[in-house]
Structure formats: structure tokens, C-alpha cells
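Trainee: Hi, can you walk me through this one? I'd like to go bit by bit.
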Amino acid sequence: MANSKIYLGNLGKSTTPEMLTEHFSQYGEIAEVMLPLDNATGENKGYGFINFSEEASAKSALVDDGKTVFDEVIVVQIATEKRRGKKK
């Protein structure tokens, strides 16, 4: 299964979906940007996800891992599906 989704970590609280789209569109067409917000503060939680239209675009974006983007050293990884269920 192709994985065209990346995980972004260590994002600043002022980072917006528009900022992410503008920066990461250099790697390819973006299908969706997800930036979860804290219900209490309305600020982003410091992480997000980007779905690219192509797997190659997601792999290209990995070059930003450990680089300073939006004044923060960010984490960029291929997203993995979180397994949900009961712990044994």
C-alpha cells in the first residue's frame, strides 16, 4: 500500500494549515492538511499531517526532517497508522 501521508512534529503553536500548505507544496500536490487543535485553547497541538497526491512527494518532503521551519526544528516522517484497541 502506497503511503503518501507524512507526520509533522514539533510545530510551533502559531503554525497554520496555510503555512504548511505554502511550505510543503514545493514537494508536490497536497490533497489534505490536518492540524489538530486543542479544544481548551484553540491552538494547534504541535503536530499535524499532510496527505500528498503522490507517494514520491511524501518521500521528497522527508528532507525537512530536523530542519528549522517556521522557527522550529521540525520532525518529518512517513505517517504510520495508529493501532487502536484494547491492551492485553
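Trainee: OK, so is D71 buried or exposed?
Mentor: D71 counts as exposed, because its relative accessibility is 73%. D71 sits in the loop between β4 and β5 (72-73). Helices (H or I, at least four residues) and strands (E, at least two) are DSSP runs, numbered from the N terminus.

Trainee: Where does the model come from, and how are things numbered?
Mentor: This is a predicted model, where local features need pLDDT of at least 70, side-chain atom pairs count only at pLDDT 80 or more, and totals for chains, interfaces and linings use all residues. Residues are numbered from 1 along each chain as its sequence is written, and side-chain values use heavy atoms, with hydrogens and water left out.

Trainee: What is the mean pLDDT of the chain?
Mentor: The mean pLDDT of the protein chain is 92, and 91% of its residues reach 70 or more. That score is the predictor's confidence in each residue, from 0 to 100. Confidence is highest in β1, at 98, and lowest in β4, at a mean of 95.

Trainee: Now the sheet. What is the strand order?
Mentor: The order is β2-β3-β1-β6 in an open sheet of 4 strands, with antiparallel pairing. The edge strands are β2 (30-34) and β6 (75-78), and each pairs on one side only. From one strand to the next, the twist averages 20°. Angles like that run from 0 to 180 degrees between N-to-C directions, and axes are lines fitted to C-alpha atoms, for helices over the stretch in contact.

Trainee: How many bridges join β1 to β3?
Mentor: There are 5 bridges between β1 and β3, which run antiparallel. Two strands pair if DSSP finds at least two bridges between them. In that pairing Y7 stands opposite F49 in β3. On the β2 side, M34 stands opposite F49, and β2 and β3 pair in the antiparallel sense over 4 bridges.

Trainee: And how many join β1 to β6?
Mentor: β1 (residues 5-9) and β6 are joined by 4 bridges and run antiparallel. G9, for instance, has V75 as its bridge partner in β6.

Trainee: Which strands does helix α1 touch?
Mentor: α1 (residues 17-24) packs on the sheet and touches β1, β2, β3 (47-52) and β6. Its direction makes about 145° with that of β2. Contact means heavy atoms within 4.5 Å.

Trainee: Which residues of α1 are buried?
Mentor: Those are L20, H23 and F24. Seen down the axis of α1, they fall within an arc of 80°, so they line one face of the helix. The arc is that of the directions from the helix axis to the C-beta atoms. On the other side of α1, E18 and E22 are exposed.

Trainee: Why would residues three or four places apart point the same way?
Mentor: Because an α-helix has 3.6 residues a turn.

Trainee: What covers the buried side of α1?
Mentor: The cover for its buried residues includes β1, β2, β3, α2 (55-61), β4 (68-69) and β6.

Trainee: What about the largest nonpolar core: which residues touch the most other members?
Mentor: Of its 14 residues, I6, L8, L20, F24, I50 and F52 do. β1, α1, β3 and α2 each supply at least two residues of this core. A nonpolar core is a set of buried Ala, Val, Leu, Ile, Met, Phe, Trp, Tyr and Cys residues joined through side-chain atoms within 4.5 Å.

Trainee: What does F52 touch?
Mentor: Not counting residues up to four places away in sequence, F52 touches several residues, including I6, F24, I30 and A58.

Trainee: Changing topic: where is G12?
Mentor: G12 lies in the loop between β1 and α1. G12 counts as buried because its relative accessibility is 10%. Leaving out residues up to four places away in sequence, G12 touches N44 and E72.

Trainee: What is the phi of N10?
Mentor: Phi of N10 is near 65°, a positive value in a residue other than glycine. N10 is in the loop between β1 and α1. D71 also has a positive phi, about 65°, although it is not a glycine. Most residues other than glycine have a negative phi.

Terms used:
Buried means under 20% relative accessible area, exposed over 50%, partly exposed in between (1.4 Å probe, protein chains only).
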